[in-house]
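Open the model in your viewer and keep the selection tool at hand. This tour goes stop by stop, saying what to select and what is there.

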Amino acid sequence: MAVCVAVIAKENYPLYIKTLPNENELKFHYTVHTSLDVIEERIHSVSKNTNDLRELYLGLLYPTEDYKVYGYVTNSRIKFIIVIESTNATIRDNEIRSMFRKLHNAYTDMVCNPFYTNGDIIEST
Amino acid sequence: MADEVLFDYLHMEMIHEFFNENYKKEGKSEESMTTLELLGFRVGQCVIERLTKDSPRFKDELDAMKFTCKDFWMSVYKKQIDNLRTNHQFLAFPCGLIRGALSNLGITSVVTAEVAIMPACKFQIQIQRV
């Protein structure tokens, strides 16, 4: 189970951050913010292996002692970030990928919603 | 088979609606062009979001432009990019479409259209660098 999910816009401001209710939100806001730097680095790095650049899924960004942070960037420069607990060792890479897939599908549907303006904070009514 | 015709009809009706007598009397004919272009902008953004969902990441702007010219245009108009309608009113929507697509890929631009010889149409895209 993910502990925190965040959607970051092209201009690097958060569109949506949600954490599990009984957790310290501020800590996760900070974690997500620092992981943005790692994402930028990954996107802009001139990789010897060009295959890496072609994928949208970035994989494990960085592990801390308690949590692992995964990233995914779309072609429209929207970033999705998922934080899971390190103790949850049974989560496989494929499952994370499918979580990002679902997030991306939901985001695409939301953009096509005529009542949603690009760049607005995401909220459900 | 009927898919392309649906959009054509909708497009024609939209233009007819925006340019009909009511709008002209109130002096809003310029606003109509802007509205159509903005409509195209929004639609371009959404279509790009759907289309790029599964494709690999673009390495640079050139990649993004190539994608827009080939895949995007093909999927919207089902034709190669060099056959198009001609009429300034008709061109407002496609101009907005291209601008929306590019903006969602991270390229700010100004798109204008010129008609030199019928039935060809040229789109000029000026990319604004910050």
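**Stop 1: aromatic rings in chain A**

Select Phe80(A) and Tyr107(A): both are buried. Bear in mind that this is a predicted model. The two rings form an edge-to-face aromatic pair, with 5.9 Å from centre to centre and 75° between the planes. Now colour by secondary structure. Phe80(A) lies in strand E5 (residues 79–85) of chain A and Tyr107(A) in helix H3 of chain A, so this pair ties together parts 27 residues apart in sequence.

How many aromatic pairs are there over all chains? The count comes to four. For another of them, select Tyr72(A) and Phe100(A). Their ring centres are 5.2 Å apart and their planes meet at 15°; planes under 30 degrees apart count as stacked, so this pair is stacked. Which elements does the pair join? Tyr72(A) belongs to strand E4 (residues 67–73) of chain A and Phe100(A) to helix H3 (residues 93–111) of chain A, so parts 28 residues apart in sequence are tied together.

Check burial next. Tyr72(A) has 4% relative accessibility and counts as buried. Phe100(A), at 0%, counts as buried too.

Now show the four residues together. Ring pairs link Tyr72(A), Phe80(A), Phe100(A) and Tyr107(A) into a cluster.

**Stop 2: a charge over a ring**

Move to Lys27(A) and Phe28(A). The charged end of Lys27(A) sits over the Phe28(A) ring, 5.4 Å from the ring centre.

**Stop 3: chain B**

Follow the chain along its sequence: the pattern reads α-α-α-α-α-β-β.

E1(B) and E2(B) pair in the antiparallel sense, over six bridges. Pick Val111(B) and look across: Ile125(B) in E2(B) stands opposite.

**Last stop: chain B as a whole**

Of its 130 residues, 38% count as buried. Among contacts in chain B with a separation of 6 or more, 55% come from residues 24 or more positions apart.

Conventions:
Residues are numbered from 1 along each chain as its sequence is written. Chains are lettered from A and ligands numbered from 1 in the order in which they are written. This is a predicted model: local features need pLDDT of at least 70, side-chain atom pairs count only at pLDDT 80 or more; totals for chains, interfaces and linings use all residues. Side-chain values use heavy atoms; hydrogens and water are left out. Rings of Phe, Tyr and Trp (its six-membered ring) pair if their centres lie within 6.5 Å; planes under 30 degrees apart count as stacked, over 60 as edge-to-face and the rest as tilted. Helices (H or I, at least four residues) and strands (E, at least two) are DSSP runs, numbered from the N terminus. Buried means under 20% relative accessible area, exposed over 50%, partly exposed in between (1.4 Å probe, protein chains only). A charge sits over a ring if NZ of Lys or CZ of Arg is within 6 Å of the ring centre and within 35 degrees of the ring normal. Two strands pair if DSSP finds at least two bridges between them. Contact means heavy atoms within 4.5 Å.
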